[in-house]
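I opened this notebook to record what I looked up in the structure.

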Amino acid sequence: MAKFTREDALEYHRLKGKPGKIAIVPTKPMDTQRDLSLAYSPGVAEPVLEIEKNPSDAYEYTSKGNLVAVISNGTAILGLGDRGALASKPVMEGKGVLFKKFADIDVFDIELNSHDPDEIIKVVAAISPTFGGINLEDIKAPECFYIEEELKKMLDIPVFHDDQHGTAIISSAGLANALEIVGKKHEEIRIVISGAGASAISCAELAIRWGVKRENIMLCDSKGVVYKGRKEGMNKYKERFLVDTDARTLSDALRGADVFYGLSVANVMTPEMVKSMAPDPIIFAMANPDPEIRPELAKEARKDVIIATGRSDYANQVNNVLGFPFIFRGALDVRAKQINEDMKFAASKALSALAKEDVPDSVIRAYGGEPIKFGREYIIPTPLDPRVLLWEAPAVAEMAMKTGMARKTIDIEEYKEQLAFRQGKGERIRYFFQNKAQSSGGKKRVVFAEGEEQKIIRAAYQIQEEGIATPVLIGRKSVIENELKSLSFDYKPEIVDPDTFEKLEAYAKSFYELRQRKGMTVGDSLKKVRDVNVLGSMMVKMGDADAFISGLTYDYPEVIRPALQVHHTAKGVARAAGVYIMIVEDKVFLFTDATVNIDPTAEDLAEIAILAADYAKKIELDPHVAFLSFSNFGSTPHPLSDKVSKAVSIVKTRRPDLRVDGEMQADTAVVPEIAEERYPFSAVKDANVLVFPSLESANIAYKLLARLGNAKAIGPILLGVGAPVHVLQTGDDVNAIVQIASVAVMDAMGR
């Protein structure tokens with residue numbers, strides 16, 4: 001867990017920009033008199049009249065469908081108890097930030113200065129027309145049960161008390177996976193729960209939904225075991241879990257228990273209690289900030305324990321942020337009337353299933369770089385895993401439709417794509433490539449030179465699973481199979497071992513015929529085709545693969561040189577080039593050439609520009625091509641700027657269909673106002689294809705923008721080669737490899 005002082009926390013909330021953590025941002029232009037007239041009077045009258053006629057139109061004309069109220073009276077602030085409504089505001093603002101960050105949901109936090117549950121119900125019901133959903137937060141038990149139940153009866157929008165249901169959903173997902181690991185079944189286990197408040201009751205009920213028997217759950221509160229005949233400190237919610245037992249203390253209850261759920265206070269569980277539990281005990285010590293028992297103590301007591309806590313500095317964090325943003329996202333997007341038990345169960349099952357998937361490198365980096373793999377130390381997805389949105393929200397939305405809670409029907413596959421788009425323009429581009437590749441039915445064979453590398457194996461598994469292509473791995477079979485075993489993948493890829501490949505001699509003969517007038521001998525060719533970069537290119541040449549990918553552990557020239565020796569450049573193309581797709585906020589640019597041509601001539605620049613413009617069209621980007629220099633349209637005569645100007649003339653002659661201009665400075669190319677004001681004659685006033693005068697300048701620009709400007713770079717994408725050959729960057733993560741594979745499949749389809 002990141003360390004900070006009291007002063008750090010106060011400074012974070014007070015001094016960074018504005019006080020607090022949230023703000024309202026307009027979603028429509030407010031720059032002209034017309035904008036103001038549309039936003040307010042008189043234009044606003046039109047949607048008012050439409051909503052009066054048809055109330056459901058509020059979802060079309062207002063923010064209702066993406067707006068949640070986070071409501072608290074501050075009577076059960078996490079770890080702090082009753083501190084009052086106003087003191088709860090920093091927590092509620094924090095909740096709003098999490099809604100926005102993880103699921104792009106807008107929030108108004110509303111702190112109610114009342115301990116009267118009926119008054120709270122009345123106020124929330126009165127303000128409910130503003131919102132698409134209500135999130136109740138930090139309201140003490142048992143009042144929280146009553147408030148939620150009554151509001152659910154009264155309102156036709158989701159009402160969700162996260163303290164109850166969020167913890168239940170995440171812990172149930174973790175429990176299902178922990179039981180799978182130790183080989184136990186829900187219906188066979190006995191659970192002891194320390195705590196009998198809102199979250200404890202909800203955790204127990206959802207465990208029952210997963211298959212645990214009610215009679216096998218034992219609650220313990222501050223007065224001991226909740227047993228048949230007990231009168232002290234009881235309420236109707238605890239009475240659901242009365243058991244006939246002689247156990248009276250937590251220690252008594254834990255003897256022989258399979259599972260401990262801690263939803264109480266710090267350090268109530270001792271190592272001796274852990275020792276008394278059944279084999280392979282499962283402990284969810286979820287009290288915050290300090291758990292019922294520290295993981296190191298529990299593991300010292302029992303080597304066979306699986307333990308989760310609510311803290312981020314230990315493995316298996318039960319964090320409610322894995323639930324509420326995505327549950328509301330799914331519910332809002334189908335305009336659900338409620339979040340019912342089936343929807344909560346669907347959310348829990350989605351989280352359980354996601355934990356068994358291969359973890360993206362971006363998540364591994366965010367958690368310190370150590371491998372993360374399904375097992376005793378990873379039974380719950382991490383809060384920073386971007387896939388949670390894509391798994392949980394669709395599961396909730398689909399269940400809402402199945403159970404009659406939805407007022408809007410959606411296509412789930414299209415919905416997953418829309419959710420990905422919420423994660424930025426980069427995801428939109430990734431989906432474009434992936435969808436195009438998947439349209440081939442996964443039949444295109446993509447061969448990977450570095451088949452023994454773990455990242456390549458993980459990418460190949462994902463490529464196969466998602467129907468992007470059929471991967472072929474070059475490498476030693478024993479090494480690849482050992483890696484698959486260590487990854488726990490149930491996957492048998494096609495493997496080509498250069499030492500045992502039965503077509504090696506035929507390949508060598510063909511390669512010799514290609515290179516015999518370039519100094520190649522028969523003996524040399526047999527050695528050369530064992531080189532994975534030659535072998536992979538030859539597999540495409542000989543029709544045994546549709547595309548070839550390499551470069552994770554090789555320098556760029558080591559991949560390109562054999563590719564050009566085998567395939568040459570494409571018909572009518574004199575020179576290959578490389579392009580990067582650069583995503584800056586919501587804009588897409590192509591940078592070229594940052595990888596192949598070190599000091600291009602004017603002719604070379606012209607060809608590079610044409611290749612890049614034609615590729616822009618393939619990815620459905622209307623190309624506006626700007627040739628960059630230190631000069632604006634002859635303002636600084638020099639041989640270097642003259643070269644660029646000449647390249648522009650060549651392109652305009654060869655391809656009059658293209659919108660192209662230059663030479664121009666970078667800001668002139670990308671800031672329309674500069675071109676409009678100073679160079680109104682320019683054919684390009686908002687460029688998206690940027691042609692750099694040299695590899696040096698292009699490479700520097702894309703790397704600086706990616707590192708300092710937080711731009712997303714996709715590539716390099718190799719253009720102009722005679723076959724679909726594509727190059728990875730050293731250190732690419734699995735997602736980047738999958739993305740380049742999609743690019744390669746698109747390339748193969750286009751041929």
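Predicted model: local features only at pLDDT ≥ 70, side-chain atom pairs only at ≥ 80, totals over all residues.

Entry 1: I looked up the strand order and found five strands in an open sheet, arranged β13-β12-β11-β14-β21 with parallel pairing. I noted β13 (494–496) and β21 (725–727) as the edge strands, each of which pairs on one side only.

**Entry 2: the β13 side.** I then followed strand β12, residues 470–474, which runs parallel to β13 and is joined to it by three bridges. Here I found Leu-473 opposite Ile-495 of β13.

**Entry 3: the helix on the sheet.** Which strands does helix α23 touch? I recorded β11 (445–448), β12, β13, β14 (547–550) and β21 as its contacts, with the helix spanning residues 532–541. The direction of α23 makes about 165 degrees with that of β14.

**Entry 4: strand β14.** I checked the pairing of β14 with β11 and found three bridges in the parallel sense; Phe-448 stands opposite Ile-549 of β14. Three bridges also join β14 to β21, again parallel, and Ser-550 stands opposite Val-727 of β21. I next examined where the side chains point: Ala-547 and Ile-549 go one way from β14, Phe-548 and Ser-550 go the other way, and all are buried.

**Entry 5: a surface patch.** Finally, I noted a nonpolar patch on the surface formed by Tyr-40, Val-44 and Val-48, together exposing about 310 Å² of accessible area. I located Val-48 in helix α3, residues 45–53.

Key: Residues numbered from 1 in each chain as written. Heavy atoms only, no water. Pairing = 2+ DSSP bridges. Helix = DSSP H or I, 4+ residues; strand = E, 2+ residues; numbered from the N terminus. Contact = heavy atoms within 4.5 Å. Axes fitted to C-alpha atoms, helices over the stretch in contact; angles between N-to-C directions. Patch = residues over 30% accessible without salt bridge, like charges linked within 9 Å, V, L, I, M, F, W, Y side chains within 5 Å. Areas by Shrake-Rupley, 256 points an atom, 1.4 Å probe, with all protein chains shown as cover. Salt bridge = Lys/Arg side-chain N within 4 Å of Asp/Glu carboxyl O. Buried < 20%, exposed > 50% of the residue type's maximum accessible area, 1.4 Å probe, protein only.
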